[in-house]
Amino acid sequence: MSEEKRPLIKKIKATGQMRKIMADYFYEMDRASKEGSPKIAWCTSVGPAELLLSLGFLVHYPENHGALLGATRTANEYIPVANAIGYSPDICSYLTSDIGSFIKKDTPLSRAYEGIEGVPKPDVLVYNTNQCRDVQDWFSWYARELNVPALGISTYRNIGEIKDYHLQSIVDQIKGMIPELEKISGNKFDLDKYKEILSLSKKCTELWKKILEANTAIPAPLSFFDATIHMGPAVVLRGSPQAVEYYEVLLQELEERIVQKDGAVEGEKYRLYWEGMPIWGKLRDLAEFFIQLQTAVIASTYCNSWIFDSFDPDDPFMSMVRAYTEIFIVRDENYKEKYIEEMVHKYRINGLLFHDAKTCPNNSNNRYGMPERLEKKLDLPTLTINGDLNDLRCYSEEQAKTNIEAFVEQLEASP
Amino acid sequence: MNYFVGIDVGASTTKAIILDKNADVLGHAVVNSGADFQRASQQAFKKAQEQAKRKIPNNGFIIATGYGRRNVPFAQITKTEISCHAKGSYFHYPHAHTLIDIGGQDSKIIRINDSGKRTGFKMNRKCAAGTGAFLEEIANRLCIKLDKLNRLAEQSEKNIPIGSYCTVFTATEILTKIREGVEVKDLVKGIFGSVVKRAIEMDPLEGEIVMTGGVVAHNPFLVKMFEKKLERKIFVPPLPQITGAFGAALFALEAEGG
């Protein structure tokens, strides 16, 4: 059998600009951490970032650091350190790798950005359990370790239809944080500033949505594997003009690809939806594998989770809370299935791939019979692979790839 | 082309089969895969040719499957073992059915419709519980040769429940049972029951059932236990350990317009 050539991942020209704005972001925070000003808040991915930014905090997102640990394939050096102090290998591997990295005083940030020695020191930790309970335990560790206040928002889980009481409780919790945040930041809450930042977040999210919707084109211009990386600014820089400028550039590049019918996967034959977390340490490997199979992974729950349709600067608190509560991870099975059904039609999906991430139950939606129900309802094949966001011990490459290959063979054999 | 070859390089054993253009079996072989899949595939192919009493010239069409399918340098193309097992199974049982294949290190449940198309498949969750590796581990612990397991299980008249979650957990559970004085034959039947449980946990197993794989080939009593549990007759094709290789050879035949 002839040796297979390594399939080419098509480069995205805008990547250079993204690297720059991300580097600027990390360096600014590093300076602030060393100089003691501006104050730094650590925030969960869908926490009240806009409020924090309006109070003059720079915001560090530990989940983003967790993703970096996964993407650099260093997480497994740190997870055992957290396991050894009592954090189970069965819980969130963002948490265990991040805490392990902190204890070891070692981070790939310092290798990626010369002069940065570690994650920035927090002045406050702010979490929202809309993601999961793990974020609360994660931030609590740092609160104890660094003697820093941790302020938390408790969000309802498994919500079907969103009711006023779901939202009002969170608005009250957020407003209740303001006095303490003012004290820590040294700044008074400024409603106009908050509206302005929310407005920028809204622009960012609208552009991100357009970028993802570019994949309704055939062939799709952006792979899921690229999208998880290019989502970086939406995660850590929303609320900033830099994120808006970047996504305008990226969107233009994708629109050019659409005109030229230049898909991310050459000879795209099948289009898949990825349900669940990325396998951070295997993005490139899986991207190449899918290219070999002429199968494009073009839509996902994960990337769509940073679309916050409800932001409204005219109703900043309630709209931000609504946006952060209506996200997929918070909703019930009915909502999730309806959502995926809409995505299947919108993106002309041939099959659903569920990633059961060992340490992330809230993002592993195969566990309550959803693939089986969707198969019947949509007459669409599904595949579940086992892996994890960061802990590569939980990922069997051979099993996953054989399953994926067999799945594509099944699609080939179907009428 | 006159010869169509399937090579299934599994985790435990490598199987080879040679068909003619009428899909008749000319020769077949099973060897241990060991640590050198390339060597194992060559050995299996050589043995199959010896059984066929002929050498396959360069105009034989060869498809490789199994975990080691990319280590067969003389194969023209590769196909996953899921596709090949489904192909092989449907040839012998051309109706809608669920195929349970229990191999050395994995179990597969494959659903096939009336036209022979795969409509879904599942493989065992991460662990080798319920596979050949599980039986090997337990046989080792009990100091029994693998080829004695079937006979022992047949002799048992008891139903000792043994867990199906994890090979290591089960091995520990067996220590407890030994301490309690449970006889070896009853333990063996218990671990067969564990294999049955593991498959049932993977799929509702509706409709007609076909079983293949080395574990099934060497342990016909296990099939009887499945039949009792599922309350229906189970079909086992000829050469059940070689169904994957057979399916690969059928794909080769199909590729040549056969």
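Two residues are taken to be in contact if their C-beta atoms, placed from the backbone, lie within 7 Å. Helices (H or I, at least four residues) and strands (E, at least two) are DSSP runs, numbered from the N terminus. Axes are lines fitted to C-alpha atoms, for helices over the stretch in contact, and angles run from 0 to 180 degrees between N-to-C directions.

The model is predicted: local features need pLDDT of at least 70, side-chain atom pairs count only at pLDDT 80 or more, and totals for chains, interfaces and linings use all residues. Residues are numbered from 1 along each chain as its sequence is written, while chains are lettered from A and ligands numbered from 1 in the order in which they are written.

1. Helix H18 (residues 397–413) of chain A lies across strand S5 (270–275), S6, S7 and S8 of chain A, and runs at about 170° to S8(A). These four strands form an open sheet in the order S6-S5-S7-S8, with parallel pairing (two strands pair if DSSP finds at least two bridges between them). Strand S6 (295–300) and S8 of chain A are the edge strands, each with a single partner, so one side of each has no neighbour in the sheet. From one strand to the next the twist averages 30°.

2. Strand S7 (residues 351–357) of chain A pairs with S8(A) in the parallel sense over six bridges. A:His355 has A:Ile385 of S8(A) as its bridge partner, and A:Ala357 stands opposite A:Gly387. Helix H17(A) packs on the sheet, where it touches S7 and S8 of chain A, and its direction makes about 160° with that of S8(A).

3. How many residues of S8(A) are buried? Six of the six residues in this strand (382–387) are, where buried means that 20 or more other C-beta atoms lie within 10 Å of the residue's own, exposed means 12 or fewer, and partly exposed is in between. A:Thr382, A:Thr384 and A:Asn386 point one way from the strand, and A:Leu383, A:Ile385 and A:Gly387 point the other way. In a regular strand the side chains alternate between the two faces of the sheet.

4. Chain A has another open sheet of four strands, with the order S2-S1-S3-S4 and parallel pairing. Strand S2 (58–60) and strand S4 (150–153) stand at its edges, each with a single partner strand, so one side of each is left without a neighbour in the sheet. Neighbouring strands are turned by 25° against each other on average, direction ignored.

5. Strand S3 (residues 124–128) of chain A is joined to S4(A) by four bridges, and the two run parallel; A:Leu125 has A:Ala150 as its partner in S4(A). Helix H7 (residues 134–146) of chain A packs on this sheet, touching strand S1 (40–43), S3 and S4 of chain A, and its direction makes about 170° with that of S3(A). Helix H8 (residues 164–185) of chain A packs there too, touching S3 and S4 of chain A, at about 165° to the direction of S4(A).

6. In helix H15 (residues 316–325) of chain A, seven of the ten residues are buried. Among them are A:Met320, A:Arg322 and A:Tyr324. The buried residues of H15(A) pack against helix H2 (49–54), S3, H8 and helix H9 (191–213) of chain A.

7. Between the chains, 14 residues of chain B are in contact with 15 residues of chain A. Strand S8(B) gives the most to chain B's side, with four residues.
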